Amino acid sequence: MNNLSIRLLGYFSSWVLMLVTLAVALFAEAIHTFLSGKTLNRRGMIVSFIPLRDIFRSITAPINLPENAAVRLSIYLPCLALAGLIPVAASIPFFSFVPVMDNGGDLMQILQFALLSETLAIISVLSLGTSAAEATAKRMTDELIALIVPMMAAFVSIGFYYSASGVQGDPFSLNTFTNAQHMSASVPFSLTGTLIFVFVIFSRIPHSNAGFGCSLLENCELPDFNGAPRSTLQLWSIFRAFLVVALVTHIFFPWGFFKGLNAGFSISWWAQSVNFAAFWSTVLFIRVFGVTVCWKVKELLERFIRIKNGGMWLYIILTVTATLLVVFEGIRISMETAAF
Amino acid sequence: MISILETGYFIWNFTAWIKIFLLSAVIFCLLIYVIKKKTGGSLISSKKMRGCREDRDEGTFEQRTAMLRDKIMGPWFDFPFLHVLSMVVLFIFFAVALFSGNGGE
């Protein structure tokens, strides 16, 4: 009994530590809103600097739902959607010093839980039962497809690359991706393909428009849905964007450099700490600046394409091109290996 | 009991996933339940709201959270060496998690 309670206490501590890392997402969001607000103010647009404060304030506001809402679903499904993100966070290496589970970060499992979380969030919006909520749910579904398809294409093609190049172990594991062989200058097709994937995924992250952060709902959207469930959905959106950035950063992070650096440390905990700090600083930097750059490039590209649904066609073409490039590199390497 | 799905390289420690999902779901739902209890609000249409208590003091929960902010969080933030103390607290969590043999399934 005593042993069980100690284990439970330990499990809970690991969970709390994970939430602390997840709080970096709020920090990144605050920095991003502050910077983009300053830029837009300079251009004469008045932007609220306090969306995060508003989210936290509305947690304690009385809950308000539309007339036709399925009450229990609308209140509790946002919590389940948020809870669905926690296993995804737990399977990213370095999310906590003490791993809650040791799965090697299998990408297919991660995507399955991400899909579960997205589905729960969409159903929670649908359960509000208004036409405006239906429109929001449709927008969320479109955004889900636009994000999950390039991510799956990226993971499957890079997994194929590792499988073809004869890597030992699970080719879909994030741990395998830390070899970073697909980002080497000696494999230019794979390198280009991965960079295109990174661009496509980062420019599809935000729920709201560029420059206004990552919150799911704008101030004027679904005004009859208020209180803690609305805040939970907003937080879910911010954490979701942050987890996508962390996952994708894991693909192109220069792990090799840090492995070399770690050789100087005699205590492995120090090496782990350096890796931890370096990885999360990079994720923070990419979330604040990298994602914004991708948004700007996306806007520029969309301006050049003057056909109907130009943006969508651009993403389809880029995703297919990137997949073909990475798969081609895998085939090329396997043929070279066979010839050798 | 640990249920593991295993096909070739693919290993899914199902128990580990479901445990962390359920723990998170229970904690978040409990929080929302407490908030709902304390704040009330017009959950459903005014037609269905007939018979609800109207004498509820809606400001009580806000007052409680304000008290938490002023009496507990405020002094904590004003404390000298706050960053060092926060790190110590996190380290205690870390030590508990590590030495309770909770690393990995």
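Modeller: Let's start with a cut-off: a residue is buried if 20 or more other C-beta atoms lie within 10 Å of its own. Keep in mind that this is a predicted model.

Colleague: Thanks! How do you know whether Ser91(A) is buried or exposed?

Modeller: Ser91(A) has 26 other C-beta atoms within 10 Å. The cut-off is 20 or more, so Ser91(A) is buried.

Colleague: Where in chain A is Ser91(A) found?

Modeller: Ser91(A) sits in the loop between helix H3 (71-90) and helix H4 (107-126) of chain A. Its C-alpha atom is 32 Å from that of Val71(A), 20 residues away along the chain.

Colleague: Which elements does chain A have, helices or strands?

Modeller: Chain A has eleven helices and zero strands. Of its 340 residues, 46% are buried.

Colleague: And what pattern does chain B follow?

Modeller: Chain B reads β-β-α-α-α along the sequence, with three helices and two strands. Buried residues account for 14% of its 105 residues.

Colleague: Back to chain A. What makes H7(A) roughly antiparallel to H8(A)?

Modeller: Helix H7 (residues 188-202) of chain A packs against H8(A) at an angle of about 170°, and the axes are 11 Å apart. Angles over 145 degrees count as roughly antiparallel, so H7(A) is roughly antiparallel to H8(A).

Colleague: Which residues meet there?

Modeller: From H7(A) come Thr194(A), Val198(A), Ile201(A) and Phe202(A), which meet Val244(A), Val248(A), Ile251(A) and Phe252(A) in H8(A). By class, that contact has seven nonpolar, one polar and no charged residues.

Colleague: Which residues touch the most other members of the largest nonpolar core?

Modeller: Among the 99 residues of that core, they are Ala89(A), Ile201(A), Phe239(A), Phe242(A), Leu243(A) and Val245(A). Helix H8 (residues 228-252) of chain A gives the largest share of the core, 15 residues.

Colleague: Why does this core lie between domain 1 (1-41) and domain 2 (64-105) of chain B?

Modeller: Both of those domains of chain B give residues to the core, so it lies between them. As a general point, nonpolar side chains tend to be buried together in soluble globular proteins.

Colleague: What does Phe242(A) touch, not counting residues up to four places away in sequence?

Modeller: Leaving those residues out, Phe242(A) touches Ala25(A), Ala28(A) and Arg287(A).

Colleague: One last thing: among contacts in chain A between residues at least 6 apart in sequence, how many join residues at least 24 apart?

Modeller: Of those contacts in chain A, 75% join residues at least 24 apart.

Notes:
Residues are numbered from 1 along each chain as its sequence is written. Chains are lettered from A and ligands numbered from 1 in the order in which they are written. This is a predicted model: local features need pLDDT of at least 70, side-chain atom pairs count only at pLDDT 80 or more; totals for chains, interfaces and linings use all residues. A nonpolar core is a set of buried Ala, Val, Leu, Ile, Met, Phe, Trp, Tyr and Cys residues joined through C-beta atoms within 7 Å. A residue is buried if 20 or more other C-beta atoms lie within 10 Å of its own, exposed if 12 or fewer, and partly exposed in between; C-beta atoms are placed from the backbone. Helices (H or I, at least four residues) and strands (E, at least two) are DSSP runs, numbered from the N terminus. Domain bounds come from an automatic or database domain assignment. Two residues are in contact if their C-beta atoms, placed from the backbone, lie within 7 Å. Axes are lines fitted to C-alpha atoms, for helices over the stretch in contact, and angles run from 0 to 180 degrees between N-to-C directions. Angles under 35 degrees count as roughly parallel, over 145 as roughly antiparallel, 65 to 115 as roughly perpendicular and the rest as oblique. Ala, Val, Leu, Ile, Met, Phe, Trp, Tyr, Cys and Pro count as nonpolar, Asp, Glu, Lys and Arg as charged, and the others, Gly among them, as polar.
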